[in-house]
Structure formats: C-alpha cells, structure tokens
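Let's work through a few exercises together, one step at a time. Keep the structure open beside you as you read.

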Amino acid sequence: MELTQVENLPLGRIFGFLTKQYIGLLAKRMENTPVERYYFALMIIGQNSGKISQQQLADQLLTDKVCMVRMLDCLSKDGLIERKVNPDDRRQHLLFVTEKGAPWVKEIEKAQKETEEIFLSFLNPEIREAFHQDLKQLCISVSDLP
C-alpha cells in the first residue's frame, strides 16, 4: 500500500485496516490449531481459569455483553471453555479453560507476542515505546465517549 492511499483516510479507517492486517497475521500463525477466533479471550480465560467472570472478561476486552456472549458461545461450542455458576454469587458465571483449550493458551500468547513484534518492527525503534504509550492514552481518553 502506498502512502497516498492512506494520506486522507479517516483515523477509523486506518485503525480498521491495521486491525484487519493484525488479525489476519495472527490467524495465519494460529491456522494449525483448533482455535479459529477469539484468541485473546481464550488467552485471558486460560490465564485466569476459574477466577474470571464474564463481566470481568468483557471489561478487559473493552467489549459489550452481546459481543461477549457471542465469543463465549463460540469458544464453548468448540469445547475450549466452560461457564460455571459462581457458587458465591449465583448471578455470575465463572469461566474455565477446558483440557482441550488449555494447551493452546501458551500458543496464543506466543503468536500474539510474535505478531505484535512484527507489527512494531515497521516503526522506528526510538518511537515504539512512545507510540504504544500514546495508543494506551488515546484508549483511556476516549473511553467515556458515546
């Protein structure tokens, strides 16, 4: 892609394109696994198996309840996670990685790290950390927008 193609694009389109490329590269790295999508959700569940609720996961993924249910339904249908009622609060469901899903958590962590390294390798090394911090700050700053 040439610079002239992105020069006048709105920020949302640029982020959309980068997301598409990032997810595509990550999916390519995960193609020999039974995990077809929702890699980051499975990774977080695996890292916190039995200690994270649906709402806590939604908060970490910065997503809404509808998207969260869709993700969890898919991961559950694929046999990668289980939802169990929290014995201390029956209104809440805790998330568990299954035996089938557990081996792939480390693979996702590795693929996600490698994908991020590839993406950041296109930036000048002197600005990488500042760029990452600026993106985090942008997320925080716009989090209360409608």
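This is a predicted model: local features need pLDDT of at least 70, side-chain atom pairs count only at pLDDT 80 or more; totals for chains, interfaces and linings use all residues.

**Exercise 1. Decide whether L138 is buried, partly exposed or exposed.**

Solution. 

Step 1: Locate the residue. L138 belongs to helix 7.

Step 2: Recall the cut-offs: buried means under 20% relative accessible area, and exposed means over 50%.

Step 3: Apply them. L138 counts as partly exposed because its relative accessibility is 36%.

**Exercise 2. Work out how strand 3 pairs with strand 1 and with strand 2.**

Solution. 

Step 1: Start with strand 1 (residues 52–53). Two bridges join strand 1 to strand 3 (residues 89–97), and the two run antiparallel.

Step 2: Turn to strand 2 (residues 81–86). Strand 2 is also antiparallel to strand 3, with six bridges between them. Among the pairs, E82 has F96 as its bridge partner, while R83 stands opposite L95.

Step 3: Two residues lie between strand 2 and strand 3, and the two strands form a hairpin.

**Exercise 3. Describe the largest nonpolar core and the surroundings of L42.**

Solution. 

Step 1: Begin with a general idea: in soluble globular proteins, nonpolar side chains tend to be buried together.

Step 2: Now size up the core here. The largest one has 24 residues, and L42, I45 and L57 have the most contacts inside it.

Step 3: Trace where its residues come from. Helix 3 (39–47), helix 4 (54–61), helix 5 (65–77), strand 3 and helix 6 (102–120) each supply at least two. Helix 3 provides the largest share, six residues.

Step 4: Zoom in on L42. Leaving aside neighbours within four places in sequence, L42 is in contact with V35, L75, L80, I81, V97, V105 and I108.

Terms used. Residues are numbered from 1 along each chain as its sequence is written. Side-chain values use heavy atoms; hydrogens and water are left out. Helices (H or I, at least four residues) and strands (E, at least two) are DSSP runs, numbered from the N terminus. Buried means under 20% relative accessible area, exposed over 50%, partly exposed in between (1.4 Å probe, protein chains only). Two strands pair if DSSP finds at least two bridges between them. A nonpolar core is a set of buried Ala, Val, Leu, Ile, Met, Phe, Trp, Tyr and Cys residues joined through side-chain atoms within 4.5 Å. Contact means heavy atoms within 4.5 Å.
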